[in-house]
Amino acid sequence: MLRMMLIKKYVNTSDIQSTIGHSSVVYLKEAFVMIVLLFVLYVIFALLNHTSPAPYWQWIFGGIWLVLFIKWMVDFLNLYLDCLILSKDTVTLFLREGRLEYKTEIFSWNKINTISSSQNGVWDKIWGKGDIVIKLEFWTDFPFSDVSNPKKQVAKLIMLKEQFLTRQKQVIEKDLADDNQRFNVLVEAMSEVVKEYMDKSRSE
């Protein structure tokens, strides 16, 4: 996936399980706004070129269209790369801001208190999109807006968290079992030493 290839340039996560990005509705909305804006500019250009024809109108409006298209491409890329990166041990909130700026927030699964979703109004329900809110310790909120099927995405997050906690529990139980085994070996060794000492004392 293109998003995964681009994200790996910014985020050093080798065990990515999944990514959650914005809903496609967000991209369609941005594209529609840009098309309307370009159409309005074309109408203005056609009127000006008809009432007072001049060769520089083409250069002026061509430059405006080019700038708007480049801005739209940058905005589209920023939206496309915004995502939650889910790995076995962590969740990474990746937000790209501008061409060169980006920020990441990384949280371990065991630091997450609650994961919830919400849909704001009728349009969110019609388009099947909504927001995800991750609450950490001390009730710090990390929202991620406009995702497809928010309840399904929350279920995926909760499943990965439970898998992490299960693995953590197994590691703790294994460590305790190893500690118990080492303690039993130590007790047996001490018992042997005490027995040998007692036998030696009796023989003397």
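D75 counts as partly exposed, at 24% relative accessibility. Partly exposed sits between buried, under 20% relative accessible area, and exposed, over 50%, with a 1.4 Å probe and protein chains only. Before I go on: this is a predicted model, where local features need pLDDT of at least 70, side-chain atom pairs count only at pLDDT 80 or more, and totals for chains, interfaces and linings use all residues. Residues are numbered from 1 along each chain as its sequence is written, and side-chain values use heavy atoms, leaving out hydrogens and water.

Back to D75. Its side chain meets that of K71 in a salt bridge, 2.7 Å, N to O. A salt bridge here is a side-chain nitrogen of Lys or Arg within 4 Å of a carboxyl oxygen of Asp or Glu. The structure holds 5 of them.

Next, K129 and D146. Their side chains form a salt bridge at 3.0 Å, N to O. K129 lies in strand β6 and D146 in strand β7, so the pair ties together parts 17 residues apart in sequence. Strands are DSSP runs of E, at least two residues, numbered from the N terminus. K129 is buried, at 13% relative accessible area.

Now D131, also a residue of β6. Which side chain of opposite charge is nearest to D131? K129, 6.3 Å away. D131 is buried yet has no salt bridge. For charge, Lys and Arg count as positive, Asp and Glu as negative; His and the chain ends are not counted. The D131 side chain does make a polar contact with the side chain of N120, at 2.9 Å. That term means N or O atoms within 3.5 Å, one able to donate a hydrogen and the other to accept it; residues adjacent in sequence count only if both atoms are side-chain atoms.

Notes:
Helices (H or I, at least four residues) and strands (E, at least two) are DSSP runs, numbered from the N terminus.
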